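Here is a short briefing on one structure. Take a look at it, then read the points below.

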Amino acid sequence: MEETRMAAIQVEHLVKKYKLYKKNRDRVADAFGSKKHRYTEKLALNDVSMTVWQGETVGIIGTNGSGKSTILKIITGVLTPTSGTVTVNGRISALLELGAGFNMEYNGIDNIYLNGTMIGFSEEEIREKLPAILDFADIGEYIYQPVKTYSSGMFMRLAFAVAINIDPEILIVDEALSVGDVFFQAKCYRKFEEFKKAGKTVLFVSHDLSSISKYCDRVMVLNQGVKLGEGSPKEMIDIYKQVLVGQYDADENTDRTQKNAEKSETKVLDYGSGKAKITEYDVIDDKGIRNSTIMKGSVCTIRMKVKFFEDVKAPIFAFTIKNKYGVEITGTNTMFEKAFLDSVKKGDVKEITFRQRVDLQGGEYLISLGCTGYEGEDFTVYHRLYDVMGLTVVSDKNSVGYYDMNSVVTVTDAT
């Protein structure tokens, strides 16, 4: 239980305000104690509290400018809060920005020692860790060149290698894995897994919702400096997606959270502009029967009926399939498939069917449905239903990963 666990990071009522100046001379005047206010205030964080327990992996998500990077910088001591407190129990290694903590004139080796001593390691301790760092970075002879000559990918390899191999108790990462190739990213996430198994604490910001869903025990959603929610990755990602399309309702989500706490079943997440409504939906098996249990390798149809309450230009009908952790496995829509590009009138009712062979691995999945479109350049959700149907795939042969490639295997004597 949480009462017996120790907090690695405790954030209480954090507020951060920035002063924004139109002119540099206004900044100088203010620095010299001018009584006239020549600035406007930007509230980057507004009364944010959170606890990260030792051994947890916690994600922070939100739109650009929501305060994600600001809270990480305050936790690591890069910024000072306007008010509120932060308590950290454990040695932190942080990877916040490309270039943070590195001297661009030094070569890679020098920067490894520089960063290590800043964290508190002796020269001998850094020397012991040097082989692991060089192996992880894998940038060859560039390690002896000034880091100002590095590509962004090489720089990030070195920065992450230093951050993750100095044996921190708490690792803090801000969007670092968006730089680097897929092989390096996979190596970094394997390191995340090692950290979790070793009982260490990870706090990271990412726009990669699949990674957030897969690796995080809990997630916090920030929007314009305000904490919208904190909870399971699946629930918080759903809230974040509402924010992205401008249809987050704080009262509705608070009510939903309270009801879900009182009931064992999960209420369907349902929102949209109201111009359309998904009125019916089901899964139909290869025998034409409504059935959410499908044999792997058979054909099934996902069907929905949509009623329109206003004229809509070129609506897009979609479905996605997620696993129980909230990771989107597959899905499609009528725009991708070039299946329906027409406009609809008020009062129209459309029935949409998606027919496909099911090659997912055996297991439990969730289906989400949507009717969206573009009004000018703005993406609009007319109606969306998250996790509205379950899908059970029955299989007598599973392979690696999420779906079966149906490989044909032959083994013959070599000549």
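Is E230 buried, partly exposed or exposed? E230 is partly exposed, with a relative accessible area of 31%. (Buried means under 20%, exposed over 50%, partly exposed in between, with a 1.4 Å probe and protein chains only.)

The model is predicted: local features need pLDDT of at least 70, side-chain atom pairs count only at pLDDT 80 or more, and totals for chains, interfaces and linings use all residues. Residues are numbered from 1 along each chain as its sequence is written, and side-chain values use heavy atoms, without hydrogens and water.

**Around E230**
- E230 sits in strand β9, residues 226-231 (strands are DSSP runs of E, at least two residues; helices are runs of H or I, at least four; both are numbered from the N terminus).
- Its side chain makes a polar contact with the side chain of K227, at 2.4 Å (a pair of N or O atoms within 3.5 Å, one able to donate a hydrogen and the other to accept it).
- M50 is 180 residues from E230 in sequence, yet their C-alpha atoms are 8.4 Å apart.
- Beyond its neighbours within four places in sequence, E230 contacts residues including S49, M50, R218 and M236 (contact means heavy atoms within 4.5 Å).

**Helices α4 and α5**
- The axes of α4 (residues 123-137) and α5 (residues 152-165) come within 8 Å and cross at roughly 140° (axes are lines fitted to C-alpha atoms over the stretch in contact; angles run from 0 to 180 degrees between N-to-C directions).
- That makes α4 oblique to α5 (under 35 degrees is roughly parallel, over 145 roughly antiparallel, 65 to 115 roughly perpendicular, the rest oblique).
- Residues in their contact include F136 of α4 and F160 of α5.
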